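Subject: Structure for you to look at

Hello,

Here is the structure I promised. Please open it and keep it beside you while you read.

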Amino acid sequence: MKLVIFGCGNIAKRIAASCLKVDTIDLLGFASKDLVKAKEYADLFGCKEYGDYDSFLNKEADAVYIAVYNPGHYELIRRCIDAHKNVICEKPMLFSLKEYQEVFAYAEKKNVLLMEALKSVFLPSIQEVKRMIKEGQIGEIQSLEACFMRNGNHQDSHWINDLRCGGAFKDLGSYCVGTLNYLMDCEAKLLHLESDRNAYRAETTAFGKLDYNGVSAKVCVSNSKDGNNDLIVQGSRGRIVVHNFWKQGKIVYEIDDKAYEKDVPLVSDFYYELKHFSELCDTHAKESGIMSKQASQRIIKITEKVDKRQKENL
């Protein structure tokens, strides 16, 4: 698969570094409105630079990884689809169910693959947790928890203060909700939400309570303070814990009061989603079996409800 990365933020470097580890990906270059930045990144990874997005769309690449600032996602997704390029777009891909429905329908119409990039669900550790749940190793699932809490040290950034797309839940909540959705394989209901806000009225910390067909789940996110970063699955016979679950390769678990640890391989945190996407492209698949259209829409439904409740409390 010949791939171009749109955007030259910090995350683009990490994506590119993982691309170089996937044998089936040929990283062609970086596209950005800032040609100087695109050249800097291209020189770093030994590929090409494009000074705008349209100059790339007529080139030889098969696919695009969209990693620009989130408000630009919708337009670029449609432009890539028009150019018949397969698209993987960084989470959160969009901010309304209506937009999700539109772009997935458009991709289907144009016979193009579209997948939201949610790296956590592709990690071997999360795949192993899902297998353990499915096999009933910890018994019947009783409760879940997913937390992503960090001090981003960029409190004046648009990632926090832009009310269109900033704030802790929009930025980090996808990891928590998307991973829990994947493990439970059903749609969540939002039962309760509490949040703290800064002077810009942007939420910096949020605590949510979800329900998965009678199984309670807690979600904690923060981009202003460090804290718990665990995924916890509690069952009737034991529990599973994955620390730093969105990038970790070790599982700690208990079964019938006996403690265990399991190391699972971790090439890099973006490697597995990129390998999966490349395989889909190479086999001409039009939807991921892991991050499907349904999976993305289940996440945005919760995000929309959170956003609505937060706006009601402004």
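Below are my notes on a buried glutamate, a helix and the cysteines.

First, the ground rules. This is a predicted model, so local features need pLDDT of at least 70 and side-chain atom pairs count only at pLDDT 80 or more, while totals for chains, interfaces and linings use all residues. Residues are numbered from 1 along each chain as its sequence is written, and side-chain values use heavy atoms, with hydrogens and water left out.

**E273**

Start with E273, in helix α9 (residues 271-282). Helices are DSSP runs of H or I with at least four residues, strands are E runs of at least two, and both are numbered from the N terminus. E273 is buried. Buried means under 20% relative accessible area, exposed means over 50%, and partly exposed lies in between (1.4 Å probe, protein chains only).

E273 has no salt bridge. That term needs a side-chain nitrogen of Lys or Arg within 4 Å of a carboxyl oxygen of Asp or Glu. The nearest side chain of opposite charge is K119, 7.8 Å away. Lys and Arg count as positive, Asp and Glu as negative; His and the chain ends are not counted.

What does the side chain of E273 make a polar contact with? Its partner is the side chain of Y65, at 2.7 Å. A polar contact is a pair of N or O atoms within 3.5 Å; within protein, one must be able to donate a hydrogen and the other to accept it, and residues adjacent in sequence count only if both atoms are side-chain atoms. The backbone nitrogen of K119 also lies 3.2 Å from a polar side-chain atom of E273.

**Helix α2**

Now look at α2 (residues 35-45). Its buried residues are A38, Y41, A42 and F45. They sit on the same side of α2, because they cover an arc of only 100° around the axis. The arc is taken from the directions from the helix axis to the C-beta atoms. The face turned away carries exposed V36, D43 and L44.

At the N-terminal end, D34 caps α2: a side-chain oxygen lies 3.2 Å from the backbone nitrogen of V36. Just after α2, G46 has a positive phi of about 70°.

**Cysteines**

The whole structure has zero disulfides. A disulfide is a pair of cysteine sulfur atoms within 2.5 Å. The sulfur of C47 is 9.3 Å from its closest cysteine sulfur, in C8, so that is too far for a bond. For C89, the closest is in C80, at 9.0 Å, also too far.

Best wishes
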